[in-house]
Amino acid sequence: MASVTNTDSGDRGTASRFEHLDRFHGGLVLPGLHEMSTSLPISEAGIPPLLIIPLLQHIGETAECLVKAGEHVHKGQIIAAPKGRVSVPVHASSSGTVVAVEERPFPHPSGLSFPSVIIETDGRDEWDERRYTLPDYRQLSRVRLLDHIRAAGIVGLGGAGFPTQVKLSRDSDDRIELLVINGVECEPYISCDNMLLRERTREVIEGVRILQHILQPRDCVIAVEADMREAEAALRAAADSSINVISVPERYPSGGERQLIKLLTGREVPSQGFPSDMGIICQNVGTSAAVYRAIVRSHPLVSRIVTVTGGGVKQPRNLEVLIGTPFSYAVEASGGYKDDVDRLLMGGPMMGFAVSTDEVPVIKATNCILAVTREEMPPPEPPLPCIRCGKCTEVCPAELLPQQLYWYARSENLDAAQDYSLFDCIECGCCAYVCPSHIPLVQYYRHAKTEVWNNEKQRQASDIARERHRAHQERLERIKRERAERLARKKRAISGKDGARKDAKQAAIQAALDRVKKKKELEGITRRNVDNLTAEQAEKIREVDSRRQHKPPPGEH
Amino acid sequence: MKFDTYSSPHFPVAGGVAIMMQKVMLALIPGTACAVWLFGWGVLINILFAALTALAAEALVLKLRRRRIVASLLDGSALLTAVLLALALPPLTPWWIPVIGTLFAIVVAKQLYGGLGYNPFNPAMAGYVVLLISFPLELTQWTAPGNYPGLLDTLALAFTDAARTGIDLDALSTATPMDTIKTRLGLNETLGEIHSTVLFGYVGGRAWEWVNLGFLIGGLWLLQARVIQWQIPAGMLGGLFAMAVVFYLFNPDSYTSPAFHLFSGAAMLGAFFIATDPVSASTTPRGRLIYGAGIGILTYLIRTWGGYPDGVAFAVLLMNMAAPTIDHYTRPRVFGQP
């Protein structure tokens, strides 16, 4: 069950299925500049004295640190455990001693710091002995393979860093129509996927076979850009008939997931949806190689290929870099900076971001370290007002109206911006590139998106607060009500007892009154003929009276 | 090592507003050259007065608004407004005509609304319409093609009363072909009779057809250089042409031919240079087609039944008003949305 059968694709043969490419709107033909870094083969950057390994290198939840300062770690040892579903573990990239777990500068547009494990390497690069070994993947279940992919810390290496295992998991039993292995390196300068395909073709292809085994897709395509001729030839030589090698024209951003799927299938990934909604899974070629290494060689993701290039680097090239290696070390391994270096980027010139220091580490998503001179990329010119020329609309691959979006983003009219599909913007930068007014459009869109997210968060927070307040009020009400009820009950209970006591009292009073009355009645009996009594008679009366007095009153027996 | 950070994309941006404006001015050269050749030095003198006024007025207002003066003047937008307005004026006008028109265009129609990028109306056309309404006599006296005074006499005419220069202005000036058609049709003449006069050339008005051809060539170059997009010119010329075809087929004696409409008056200048002012135009691709067609249709309506011989300026201003609404209803379908 290793390869995929095409018995049910009776409509068209696999070979012809992807020959006719569709088009996507807009985009740009940019100078490639890839060849700058392809003259030398991939080499290892080496082991830096210090590794800075951030606990969050993927989209999702931060991994939970498992090591403390002073602890010795082996290469490949898990130093942070995944937390939650969308998370992956983090491994030590080399052996050494943990010297600190602290916040360190992180490669991110905002220049923020992030909790990282700092390892002082011992240079021995010793692997963790407890490393797993797997039997032939063909004997393993989907679930086990996915577990291993997660355990190996694999995330999308194309730049987004989304956990691969999550992307490969499926909720429904619907068949995967198409597995796209994306080798379309459309951003200028970058060549790491190209070099990987040229030098490690077998790893990529084997990785694709594992992915095919997991997903059982109806079709599988490896796409490369038209100028990657050597890579294409190598792939064609290595691929079996179940894998279509397709070359797409050089047009930025044809390597974007949505654009590539449109090119290959003519179908559009629904806005706010995912390719998997259409039965399509897209994986980067580097991810495929990483899957191969994890499943077949039992190597977790501890290194990646990074293009170190630009006019500010002495020897632009591709390096296999340990995750956590500082940019400065990788640049040193490429001959160091030229004197006129002016700007340092992670990623390409269109979607990459500038970093303020080269002390940031290479993370799983670092495909390129780009050091450029002022001549290559002069500082931006002061922006002029938008003249609504519409050049941005012409090049927008998401088919938005960037000029209208800009208007609303700038005036912080976030509802209108969302109405103009702000969140369909892929931030490819085509609009800003062609803008004659030099407006940093992408920056405005990013800002607007962040504002919307913040508002959403605030709204959620205030919703929660309101809900809490309501619950609190309700609780207070309930407590009050209950207390009142309890009180009333008690009162009733008390008043019930009181009543009995009162009755007794009243009865006693009544009885006393009755007695008095009786007594009075008795006393009230007029004695007749007692005027001339003898002593004897008087004595008798007294006797009777006293007897009568000592007699208990009626009703008190 | 520390670095400065900037927002993506980092690639140097090609082109700019100033370069766009320069290209538009370059594209105006063939049509302007034809106009100078056929209508005389007055065309250039108008451009000069308008340009100087525009730069001075723009600088003054920018200073009052405390904005960057040099950078804004260098974007070329004020200069382009001035040139477009000047090209719409009769060659032998007093100096204050281009000055007043440009002042209104720059100060009121452009800067009072917030300057470049914020004006809802095409400034050149706003300035032109103010002149047309305020000084109808000066705005309709055109020189007869090929019959114009020398440079110095033209300058003299711009600054002094015609009587004092000793030049017989009446002998030089004449009504435009479009004006003539309007007047004569009103006198119940047929187009056949009117066309036999010296005012008419091969397809359009005499001389005017060459000026229009010049602007057409410049406009096509702008399209090819991707400074403008095809929708507005195609929409406007298409709308004008369609209207003209319908009425011409209906009665060729009372309605001028489609070719005449396309090659007379400000048709080509309007289609490629005026209606395409992006700031005041519609901005969606479909919207631009509708916007252009609207201008074409309105131009025809005004030319045929309106009170003015040509209608491009009014048509543009009217469609400027409609542009936001058009944009609202012509939003393109977003990738991945139904």
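1. Gly42(B). In this predicted model, Gly42(B) touches Pro91(B), Leu92(B), Thr143(B), Tyr148(B) and Thr154(B), leaving aside residues up to four places away in sequence. The residue belongs to helix α2 of chain B, which covers residues 42-64. Gly42(B) counts as buried because 26 C-beta neighbours lie inside 10 Å, the cut-off for that class being 20 or more. The C-alpha atoms of Gly42(B) and Ala158(B) are separated by 8.2 Å, although the two residues are 116 residues apart along the chain.

2. Contact between the chains. On the side of chain B, 35 residues are in contact with chain A, and chain A contributes 52 residues. The chain B side consists of 17 nonpolar, 13 polar and five charged residues.

3. Helix pair α5/α8 in chain A. Helix α5 (residues 201-215) of chain A packs against helix α8 (residues 285-296) of chain A at an angle of about 80°, and their axes are 7 Å apart. The angle makes α5(A) roughly perpendicular to α8(A), since 65 to 115 degrees is the range for that label. From α5(A), the contact includes Val204(A), Val208(A), Ile210(A) and Leu211(A), as well as Glu203(A) and Glu206(A). Among the residues they meet in α8(A) are Val285(A), Ala289(A), Tyr292(A), Arg293(A) and Ile295(A). By class, the contact of α5(A) with α8(A) has 10 nonpolar, two polar and three charged residues.

4. Four-stranded sheet of chain A. The strands of this open sheet follow the order β2-β8-β7-β4 in chain A, with antiparallel pairing. At the edges are β2 (50-54) and β4 (72-73) of chain A; each has a single partner strand, so one side of each is left without a neighbour in the sheet. The partner of β4(A) in one antiparallel pairing is strand β7 (residues 96-105) of chain A, with two bridges between them. Val73(A) has Gly96(A) in β7(A) as its bridge partner.

5. Six-stranded sheet of chain A. A mixed, open sheet of six strands runs in the order β1-β14-β13-β17-β15-β16 in chain A. Its edges are β1 (43-44) and β16 (353-354) of chain A, each with a single partner strand, so that one side of each has no neighbour in the sheet. Strand β15 (residues 341-346) of chain A and β16(A) run antiparallel and are joined by two bridges. Met346(A) has Phe353(A) in β16(A) as its bridge partner. Helix α4 (residues 192-199) of chain A packs on this sheet and touches β13 (303-309), β14 (317-322) and β17 (368-373) of chain A. The direction of α4 makes about 125° with that of β13(A).

6. Strand β11 of chain A. Six of the six residues of strand β11 (residues 243-248) of chain A are buried. In a regular strand, side chains alternate between the two faces of the sheet. In β11(A), Ile243(A), Val245(A) and Ser247(A) are on one side, Asn244(A), Ile246(A) and Val248(A) are on the other, and both faces are covered. Strand β10 (residues 219-225) of chain A pairs with β11(A) in the parallel sense over six bridges. Glu225(A) has Val248(A) in β11(A) as its bridge partner.

7. Cis peptide bonds. Tyr252(A) and Pro253(A) are joined by a cis peptide bond with omega about 0°. Pro253(A) is in the loop between β11 and α7 (257-265) of chain A. In chain B, the peptide bond from Ser8(B) to Pro9(B) is cis, with omega near -5°. Pro9(B) lies in the segment before α1 (17-39) of chain B.

8. Ser298(A) has a positive phi, near 60°, and is found in the loop between α8 and β13 of chain A. With 15 C-beta neighbours inside 10 Å, Ser298(A) counts as partly exposed. His438(A) has a positive phi near 55° and is in the loop between α13 (430-434) and α14 (441-524) of chain A. His438(A) counts as partly exposed, with 16 C-beta neighbours inside 10 Å.

Note on methods: Residues numbered from 1 in each chain as written. Chains lettered and ligands numbered in written order. Predicted model: local features only at pLDDT ≥ 70, side-chain atom pairs only at ≥ 80, totals over all residues. Contact = placed C-beta atoms within 7 Å. Nonpolar A, V, L, I, M, F, W, Y, C, P; charged D, E, K, R; others polar. Axes fitted to C-alpha atoms, helices over the stretch in contact; angles between N-to-C directions. Parallel < 35°, antiparallel > 145°, perpendicular 65-115°, else oblique. Pairing = 2+ DSSP bridges. Buried ≥ 20, exposed ≤ 12 C-beta atoms within 10 Å, placed from the backbone.
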